[in-house]
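Please keep the model open while reading.

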Amino acid sequence: MWQVIGHETSVALLDNSHKSGKLSHAYVFVGPPHVGKMTLALNLAQALNCDGDKQPCGDCASCQRVAGLKHADVQVIGLDGKYEIGIDHIREIGRSANLKPFEGRNRVFIIDGAEHLSSEAANCLLKTLEEPPPNVHLILITTDERLLIPTVRSRCQKLELRPLPIPMIERALVEQWAATPEQARLLARLSAGCLGWAVSASLDESIPKERAEQLSSLLQITNQGRVERFAYASRLSSQFAKNRGAVRDVLSLWVEWWRDLLLIKGGCSDFITNIDRESTLYSEAESYHLTGIKGFIKNLQQTMEALGQNANPRLVLEVLMLDIPKREGGLVSKT
Ligand SMILES: [Zn+2]
């Protein structure tokens, strides 16, 4: 049984293709961070090597080894704290792909953060994608398919994973992760539909705490001058050199915050993400023009795109700091 929560269309497609022996040799799973892409990829790897009746059964030795990342034929390749996924990793995939499966029936390679493949690595991967050996499956995971080179993208079947409905996450947290109803209600909303984040936050209280600290920094920055803003941009760009994902998460948080302001301006406050800061959001929404909020959300999205395309991080983050909209009538946030 597939263990993925939600994403019914993608699961049904993979299940039918698996049962009829028509799985593609290469998939690209696209979706926001923590939405369930890796869970689905590992579930597919389990199905491809499962020894049970209802594949993926989740119980057989093979399924359990895949879940524990211990299966010899299932490899997960990611950034591992580096700036990009280099060609050595992809050459290794090319070599391993030509060997027979060691303990299962299929070799599965999962490339997590495929948008971070170096250009040499992406071109090297093309060779495997063009002539995939039998019993080899590649699953590319990305938050932004536009950052993959077109020749790689066109050789993969795309599955898009969208944020889950908030009540579905709330229910799952209570029923499967023993969260209290209050905790589940808050974390489900803060997750913006990304179950992985909600589960991690329910198990590790430092995650929501860090989120709260980042939001406080955001609010502080909007009230500060150019020197402090540039110092913040400098800190973020240094962090980017070590951990791209962490900076992407900070900017995603900024997008959610400014979207909440937009929702309040539009009278749709029922849909805001940051329900634990509703009163601050209301006072902040009063401080800005609608056009300023809309424009800044666009700037944030362009910044994330530029960072994904290897623009100079310090430069684009400094420009972003200058683009923070001015407050109307000199109103200042209470925080
Ligand atoms: Zn199994």
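Strand β3 (residues 107-112) and strand β4 (residues 136-142) run parallel and are joined by 6 bridges. Within this pair, F109 stands opposite L138 in β4. Strands count as paired if DSSP finds at least two bridges between them. The model is a predicted one, in which local features need pLDDT of at least 70 and side-chain atom pairs count only at pLDDT 80 or more, while totals for chains, interfaces and linings use all residues. Residues are numbered from 1 along each chain as its sequence is written.

The two strands belong to an open sheet of 5 strands with parallel pairing, in the order β2-β3-β4-β1-β5. β2 (74-77) and β5 are at the edges with a single partner strand each, so one side of each has no neighbour in the sheet. From one strand to the next, the twist averages 20°.

Helix α2 (residues 37-49) lies across β1 (26-30), β2, β3 and β4, and runs at about 170° to β4. Axes here are lines fitted to C-alpha atoms, for helices over the stretch in contact, and angles run from 0 to 180 degrees between N-to-C directions.

The loop between β5 (157-160) and α7 (166-177) holds L161. Is L161 buried or exposed? L161 counts as buried because it has 21 C-beta neighbours inside 10 Å; the cut-offs are 20 or more other C-beta atoms within 10 Å for buried, 12 or fewer for exposed, and partly exposed in between, with C-beta atoms placed from the backbone. Leaving out residues up to four places away in sequence, L161 touches H7, S10, F29, V30, G31, V35, G36, K37 and L40; contact requires C-beta atoms, placed from the backbone, within 7 Å.

After α1 comes G21, with a positive phi near 70°.

The chain has 15 helices and 5 strands, taken as DSSP runs (helices H or I, at least four residues; strands E, at least two) and numbered from the N terminus. Of its 335 residues, 35% count as buried.

How values were computed: Two residues are in contact if their C-beta atoms, placed from the backbone, lie within 7 Å.
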